[in-house]
Amino acid sequence: MPPGLTQFLSDYPGMSIHPSTYAGLELRGTFAFSAQPPDRPLITDSYSLAIRVPPTFPAALPAVTETDRRIPRDGRHHVNPDETLCLGSPLRLLLSLSRRPDLPGFSETCIVPYLYAVSHRLKFGGPFVFDELDHGAPGVLRDYMELFGLDYPQQAHSAWSLLGMKKRRANKRSCPCGCDRRLGRCAFNHRLRPFRKLASRSWFRANTP
Ligand SMILES: [Zn+2]
C-alpha cells in the first residue's frame, strides 16, 4: 500500500482504487480541490483523473492522466504526448515529494498546483500562473539550472551527468560551476549532495534532460 492511501481516499472522496493489471496501484475518479495561493483567487474545481502509483512510490513518481479531456490538448496546457500531465520537471517533483513523501503530499504539492493553473487559465485566460515550464528539454534544463544554482544550460547538463556517476568518479571530473577545479575540490560538490539522496544514479542516467 502506498504511504498515505487512507488519508488520500478521505481527502479526495471522489477517487477510488481501480482494479487494473498495472503492477502498482491505480486510482480513478473525480479529483475535487479548492485552492487559493497567495494573492490569487480562490478556485474550486474538479477533474476526472487516473493516477498510477508505482510500486516503488515515493521513490518513483506517479503518472497522472485526465480522462475527461477537459484540459485542451493544444500543446499549451502541459499535457505530454503520451497523455500524462506534465506536472513539472521530474527532479523538481521528486524534491517536492521528498518534503512530504506520501499520496496526500503528492496531491497537494504536485497535482493541485497544476490543476489550479489549468482552471485559472480556462477561467481567466492569460499565461499559466505557476512558473511556466516550457515543454521539452530547454524548459526542463532551465528548471535544473535554477535547482542547481547554475547560469547556463550546458552547466546543468554536466551537473546532471555527474549525478549519474559514483561520487568518487564524479569528484575527479571538472566542476560544472566554472571554477576550473575538479568537482571534489569545489564547494559546488555540496550543492549536488542533496540531489544524490533524492534519486539513484540510474534514475539520473535514465532521465537525462
Ligand atoms: Zn566549482
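This is a predicted model: local features need pLDDT of at least 70, side-chain atom pairs count only at pLDDT 80 or more; totals for chains, interfaces and linings use all residues.
Trainee: Zinc first. Which residues are the protein donors?
Mentor: Cys-175, Cys-177, Cys-179 and Cys-186, each through SG. They lie 2.2 to 2.4 Å from the zinc ion. Donors here are N, O and S atoms within 2.8 Å of the metal (3.2 Å for Na, K and Ca); water is not among the atoms, so sites may look incomplete.

Trainee: How are the donor residues spaced in sequence?
Mentor: The pattern is C-x1-C-x1-C-x6-C.

Trainee: And what is the geometry of the site?
Mentor: Tetrahedral, with angles of 104 to 113° among the four donor atoms. Four donors get that label if all angles lie between 85 and 135 degrees. The ideal angle for four tetrahedral donors is 109.5 degrees.

Trainee: Is Cys-175 buried or exposed?
Mentor: Buried, at 8% relative accessible area. Cys-177 is partly exposed, at 31%. The cut-offs: buried is under 20%, exposed is over 50%, partly exposed is in between (1.4 Å probe, protein chains only).

Trainee: Switching to aromatics. How many pairs turn up?
Mentor: A search of the whole structure gives 10 aromatic pairs. Rings of Phe, Tyr and Trp (its six-membered ring) pair if their centres lie within 6.5 Å; planes under 30 degrees apart are stacked, over 60 edge-to-face, the rest tilted.

Trainee: Why does the Tyr-12 and Phe-31 pair count as stacked?
Mentor: Because the planes are at 15°, with the ring centres 4.3 Å apart. The pair links distant parts of the chain, 19 residues apart. Tyr-12 is in the loop between helix H1 (5–11) and strand E1 (15–17), and Phe-31 is in strand E2 (residues 25–35). Helices (H or I, at least four residues) and strands (E, at least two) are DSSP runs, numbered from the N terminus.

Trainee: Are those two buried or exposed?
Mentor: Tyr-12 is buried at 7%, and Phe-31 is buried at 0%.

Trainee: What about Tyr-144 and Phe-148?
Mentor: That pair is tilted, because the planes are at 35°; the centres are 6.3 Å apart. Both residues are in helix H4 (residues 136–148), four residues apart, which means a separation of about one helical turn. Ring pairs also link Tyr-144 and Phe-148 into a cluster with Trp-160, Phe-195, Trp-203 and Phe-204.

Trainee: Voids next. How many cavities of 30 Å³ or more are there?
Mentor: One. On a 1 Å grid over the protein atoms alone, a cavity is a set of points where a 1.4 Å probe fits but cannot get out; a pocket is an open set with protein on both sides within 12 Å along at least five of seven lines; lining residues have an atom within 4 Å of a point.

Trainee: Which element gives the largest share of the cavity lining?
Mentor: H7, with four residues. Helix H6 (167–172) and helix H7 (188–198) are the elements that give two or more.

Trainee: And the second largest pocket, what volume?
Mentor: About 290 Å³. It has 17 lining residues; those closest to its centre are Pro-62, Asn-80, Thr-84, Leu-85 and Leu-93. Strand E4 (63–66) and helix H2 (90–99) each supply at least two lining residues.

Notes: Residues are numbered from 1 along each chain as its sequence is written. Side-chain values use heavy atoms; hydrogens and water are left out. Grid points are joined across faces, edges and corners, and a volume is the space filled by probe spheres set on the points. Four donors count as tetrahedral if all angles lie between 85 and 135 degrees; four count as square planar and six as octahedral if opposite donors are over 155 degrees apart and all others between 65 and 115; anything else is irregular.
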